[in-house]
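Reader: I have a structure open and would like to go through it. Can we take it piece by piece?

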Amino acid sequence: MKNCRQQGFTLIEILVVVSILAILGALIVPKIMDRPNEVRVVAAKHDIGTVVAALKLYKLDNGRYPTTDQGLKALVEKPSSEPLPGNWKNGGYLEKLPKDPWGHEYLFLNPGIKGEIDVMSYGADGQQGGDGFDADLGSWML
């Protein structure tokens, strides 16, 4: 009978494989970890676009955007404060007001200048300003 010798990996071969896996992990993991935040930014931009479209329908029906005081709530409930909408759509313009992907309310400003409006989110940190995923997102970016 032949001598059966079991073959295995040497310590050096194992260390080389572990090193390669560690290098790949160091390169790939940071890219994967930022992915959820990138998706949240895209979702916020989509929500803002939807809200702006609803505001445009509100203006088409009523001749003006809601005031800043009436806010985005005017898209789901008929405003009771002046100026009252004359042709508010039964059922509203949105089924419900969305929250941004970080769980904050979207902000609405109607400065009354040239019919411009702003719908925005303060980003991941919920604070005005910021960089990266903490940066403000708004209708001016669409």
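Reader: Is Glu105 buried, partly exposed or exposed, and what is its relative accessible area?
Author: This is a predicted model. In it, Glu105 is partly exposed, with a relative accessible area of 46%.

Reader: Where is Glu105 found?
Author: Glu105 is in the loop between α1 and β1.

Reader: Which residue forms a salt bridge with Glu105?
Author: Lys99 does, and the closest N and O atoms are 3.3 Å apart. That falls within the 4 Å cut-off, so the pair counts as a salt bridge. Lys99 is also partly exposed, with a relative accessible area of 48%.

Reader: Why would two such side chains pair?
Author: Side chains of opposite charge can pair when their charged atoms come close.

Reader: How many salt bridges are there in the whole structure?
Author: A search of the whole structure gives two. Besides the Lys99 and Glu105 pair, Glu77 forms a salt bridge with Lys73, with the closest N and O atoms 3.7 Å apart.

Reader: Are Glu77 and Lys73 buried, partly exposed or exposed?
Author: Glu77 counts as partly exposed at 43% relative accessibility. Lys73 counts as partly exposed too, at 48%.

Reader: What is Asp100 in contact with, then?
Author: Leaving aside neighbours within four places in sequence, Asp100 is in contact with Tyr106, Ser121 and Gly123. Asp100 lies in the loop between α1 and β1, and β1 covers 107-109.

Reader: New topic. Which residues does a cis peptide bond join?
Author: A cis peptide bond joins Glu82 and Pro83, with omega at about -5 degrees. Pro83 sits in the loop between α1 and β1.

Reader: And Leu75, buried or exposed?
Author: Leu75 is buried, with a relative accessible area of 0%. Leu75 is in the loop between α1 and β1.

Reader: What does Leu75 touch?
Author: Not counting residues up to four places away in sequence, Leu75 touches Val51, Ala54, Leu55, Tyr58, Trp88, Gly92, Tyr93 and Leu94.

Reader: Which residues is Asn62 in contact with?
Author: Asn62 is in contact with Pro85, Gly86, Asn87, Trp88 and Tyr93, leaving aside neighbours within four places in sequence. Asn62 lies in helix α1 and counts as buried at 16% relative accessibility. The C-alpha atoms of Asn62 and Tyr93 are 12 Å apart, although the two residues are 31 residues apart in sequence.

Reader: What about Leu27, buried or exposed?
Author: Leu27 counts as exposed, at 54% relative accessibility. Leu27 is in helix α1, which covers residues 11-62. From Leu27 to Gly49 there are 22 residues in sequence and 34 Å in space, C-alpha to C-alpha.

Reader: Now the whole chain. How many helices and strands does the chain have?
Author: The chain has one helix and three strands, in the pattern α-β-β-β along the sequence. The radius of gyration is 27 Å, well over the 14 Å that the globule rule gives for 142 residues, so the chain is more spread out than a compact globule.

Reader: What box do the C-alpha atoms fill?
Author: Roughly 100 × 35 × 20 Å, taken along the principal axes.

Reader: What share of the residues counts as buried?
Author: Of the 142 residues, 25% count as buried. The accessible surface of the chain comes to about 10200 Å², and 58% of that belongs to carbon and sulfur atoms.

Reader: Last one. How many positive and negative side chains are there?
Author: There are 15 positive and 17 negative side chains, and the centres of the two sets lie 8 Å apart.

Notes
Residues are numbered from 1 along each chain as its sequence is written. This is a predicted model: local features need pLDDT of at least 70, side-chain atom pairs count only at pLDDT 80 or more; totals for chains, interfaces and linings use all residues. Side-chain values use heavy atoms; hydrogens and water are left out. A salt bridge is a side-chain nitrogen of Lys or Arg within 4 Å of a carboxyl oxygen of Asp or Glu. Buried means under 20% relative accessible area, exposed over 50%, partly exposed in between (1.4 Å probe, protein chains only). Helices (H or I, at least four residues) and strands (E, at least two) are DSSP runs, numbered from the N terminus. The radius of gyration is taken over C-alpha atoms; the globule rule is 2.2 Å times the number of residues to the power 0.38. Accessible areas come from the Shrake-Rupley method with a 1.4 Å probe; for residues, only the protein chains shown count as cover. Lys and Arg count as positive and Asp and Glu as negative; His and the chain ends are not counted. The place of a charge is taken as NZ of Lys, CZ of Arg, CG of Asp or CD of Glu. Contact means heavy atoms within 4.5 Å.
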